[in-house]
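This report describes a ligand site, a strand within a sheet and a few backbone features. Please keep the sequence and the model open while reading.

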Amino acid sequence: MSSSALARIAIPVEPSRPETTAFAADVVAGLTVTPKRLPPKYFYDQAGSELFERITTLPEYYPTRCELDILHAHAKDIAALIPDGAALIEFGSGASTKTRIVLRAAKLAAYVPVDISAEFLDVQVNTLKREFPEVAMLPVAADFSQTFALPVAAQSMPRTGFFPGSTIGNLEPHEAAAFLRQAGRILGPRASFIVGVDLIKDEKVLHAAYNDRQGVTAQFNRNLLTRINRELGAKFNLASFEHHAFYNRERSRIEMHLASLKRQRVTVCGERLEFRAGETIHTENSYKYSIESFGAIARGAGWTPVAVWTDKDNYFSVQVLTRADDSRTGDRT
Ligand code: AVJ
């Protein structure tokens, strides 16, 4: 075999790790279709998670601040909708600032964080155990977008789901509905669900939140290429890809893209990819809802909205849903 034939086979840096294989497969699948796209879940490696934490503190990035304001202002009202002795099941757990507000306000028997990273859960649960010794910590290492079983102890408690941060906005509306329906199945009869949902608002505010002056969001977006370079041995030239974020009004979503500034070729996992000048990789959608449009999706997925709070500017909402079938017992057989 000639050396040039060998040189064409790109081997991932850590070929044996199953996560690397899944990442490689998703990257190749997304970059060999038109238009090119990458799943936003891959933003969150170590560097990406740190960049996201920085985003949450930016003056332009209102969602985190608004949601924290809502949770602080209405902690008592939210807690009133959580039965004493309930299990709080969090779908994907980030920095636990929001969780702590609920843990402090409600009389919970258990906290069930569900996260893909067992190491992350370990650290989180050990910290929270000390602060909330009366709450049983029952972590579940699972991909919360797939189905998973609740710990047996939580199955006999009243159950409340918690999905803050408007992470649901990353999903297409039909996927958001499917996710809500599946969460209803996981949480079981008489469950409730607390969901953070970003709202439609002035386009200038939306635009600024994803085009911050310090360029942290741009770095967060470009970090995806850094990660592909490092983990999959690719050679994306970061300087030739630009951060694009804009509001798509027809679809009520922020779109993030990485735009190629010139015509170029990049090899990833042995695939030769061609980029036209100006061609983009679509890296994220962040859907915005009205209270009504989100309510309609929730109802269609078997939930009934029972309470909603917003911040003073109506930028963000925290919504409480209950399982629709349970509120109508007696109506149907
Ligand atoms: C974590 C998905 C809610 O959509 O606002 C922040 C991610 N992307 N800046 C969002 C994000 C760019 C964020 N979510």
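## Basis of the description

Two strands pair if DSSP finds at least two bridges between them, and helices (H or I, at least four residues) and strands (E, at least two) are DSSP runs, numbered from the N terminus. This is a predicted model, in which local features need pLDDT of at least 70 and side-chain atom pairs count only at pLDDT 80 or more, while totals for chains, interfaces and linings use all residues. Residues are numbered from 1 along each chain as its sequence is written, and side-chain values use heavy atoms, with hydrogens and water left out.

## Strand β6 and its partners

Strand β6 (residues 159-163) pairs with strand β7 (residues 192-198) in the parallel sense over 4 bridges, and Phe-163 stands opposite Val-195 of β7. From β6 the chain passes through helix α9 (residues 173-187) to β7 in a right-handed β-α-β crossover (with the strands pointing away from the viewer, the path from the first strand over the helix to the second runs clockwise). Strand β2 (residues 86-91) also runs parallel to β6, joined by 4 bridges, with Leu-88 having Thr-160 as its bridge partner.

Because 5 of the 5 residues of β6 are buried, the strand is largely enclosed by the rest of the structure; buried means under 20% relative accessible area, exposed over 50%, and partly exposed in between (1.4 Å probe, protein chains only). Arg-159, Gly-161 and Phe-163 point one way from β6, whereas Thr-160 and Phe-162 point the other way.

## The ligand site

A nitrogen atom of the ligand is 2.6 Å from an N or O atom in the side chain of Glu-284. Taken alone the ligand exposes 360 Å², and the protein buries 96% of that (Shrake-Rupley method, 1.4 Å probe).

## Backbone features in loops

The peptide bond from Thr-34 to Pro-35 is cis, with omega near -10°, and Pro-35 lies in the loop between α2 (18-31) and β1 (36-37). Arg-190, in the loop between α9 and β7, has a positive phi near 60° although it is not glycine, and this residue is exposed, with a relative accessible area of 67%.

Notes:
Polar contact = N/O pair within 3.5 Å; in protein donor to acceptor, adjacent residues only side chain to side chain.
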